[in-house]
Amino acid sequence: MMKNPPDDFRFVEYSTLWSYTASPAHKKNLQVDVFAQAGDDGYCLIGEVKNRKKKFTLTEAKAFFAKASEVKKLENISKTLLFVFSASGFYKTAIDFFVANSMAWSADKRFLE
């Protein structure tokens, strides 16, 4: 259902799962749709969810990557899987960006279940 996760990625029991919003000093507010904190040696998840009729763009991929990188710093986490779900799919340039930045993606609508 998800493309490009790390070879050692496994879903684990997450200690918290919520939409993440922060207002870091000197920066704009940032919000990500999914933040799942993993315990022990699991991957924390940071995700963007787009359930709309428009494909996910390279500009959106870059903006999400910047927000997710800030969340990683604020939460002091290193082992993270960044992922994007888009019901209408992705432009090739966005997918190329995901691959270059070790991000996962999905357009499989079962993801919303």
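Ser106 is buried, with a relative accessible area of 2%, where buried means under 20% relative accessible area, exposed over 50% and partly exposed in between (1.4 Å probe, protein chains only). The model is predicted, so local features need pLDDT of at least 70 and side-chain atom pairs count only at pLDDT 80 or more, while totals for chains, interfaces and linings use all residues. Residues are numbered from 1 along each chain as its sequence is written, and side-chain values use heavy atoms, with hydrogens and water left out.

Ser106 belongs to strand β5 (residues 104-106); helices (H or I, at least four residues) and strands (E, at least two) are DSSP runs, numbered from the N terminus. Leaving aside residues up to four places away in sequence, Ser106 touches Met1, Met2, Val84, Phe85, Ser86, Phe90 and Phe111, a contact being heavy atoms within 4.5 Å.

Turning to the protein as a whole, there are two helices and five strands, and their order along the sequence is β-β-β-α-β-α-β. Of the 113 residues, 38% count as buried. The accessible surface comes to about 6,800 Å², with 52% of it belonging to carbon and sulfur atoms; these areas come from the Shrake-Rupley method with a 1.4 Å probe, and for residues only the protein chains shown count as cover. Among contacts between residues at least 6 apart in sequence, 58% join residues at least 24 apart.

The interior can be described through its nonpolar cores, each a set of buried Ala, Val, Leu, Ile, Met, Phe, Trp, Tyr and Cys residues joined through side-chain atoms within 4.5 Å. The largest nonpolar core has 20 residues, of which Ile46, Phe56, Phe64, Val84, Phe98 and Met103 touch the most other members. Two or more residues of this core are given by each of β2 (30-38), β3, α1, β4 (80-86) and α2. A second, separate core of nine residues includes Phe9, Ala36, Leu45 and Phe83. Back in the largest core, Phe56 is one of the residues that touch the most other members. Not counting residues up to four places away in sequence, the contacts of Phe56 are Glu48, Lys50, Ala61, Val84, Ser86, Gly89, Phe90, Tyr91, Ala94 and Phe98.

At 1.5 Å a residue, its 18 residues (58-75) should span 26 Å, and the end C-alpha atoms are 26 Å apart, which agrees; the expected span is 1.5 Å times one less than the number of residues. Glu60, Ala61, Phe64, Ala68, Glu70 and Val71 are the buried residues of α1. The helix is followed by Asn76, whose phi is positive, near 55°.

Charged side chains come next. A salt bridge is taken as a side-chain nitrogen of Lys or Arg within 4 Å of a carboxyl oxygen of Asp or Glu, and by this rule the count comes to six. Glu48, Lys50 and Lys67 are linked in a network of such bridges. Lys67 lies in helix α1 and Glu48 in strand β3 (residues 44-50), so the pair ties together parts that are 19 residues apart in sequence. Glu48 is buried, at 7% relative accessible area, whereas Lys50 is partly exposed at 22% and Lys67 is partly exposed at 25%.

Another salt bridge joins the side chains of Lys92 and Asp96, at 3.0 Å from N to O. Both residues lie in helix α2 (residues 92-100), four residues apart, about one turn of the helix. Lys92 counts as exposed at 59% relative accessibility, and Asp96 as partly exposed at 39%.

Lys79 and Leu45 are 34 residues apart in sequence and 8.9 Å apart in space, C-alpha to C-alpha. Not counting residues up to four places away in sequence, Lys79 touches Asp8, Asp41, Gly42, Tyr43 and Cys44. The side chain of Lys79 also reaches the backbone oxygen of Asp41 at 2.8 Å.

How values were computed. Polar contact = N/O pair within 3.5 Å; in protein donor to acceptor, adjacent residues only side chain to side chain.
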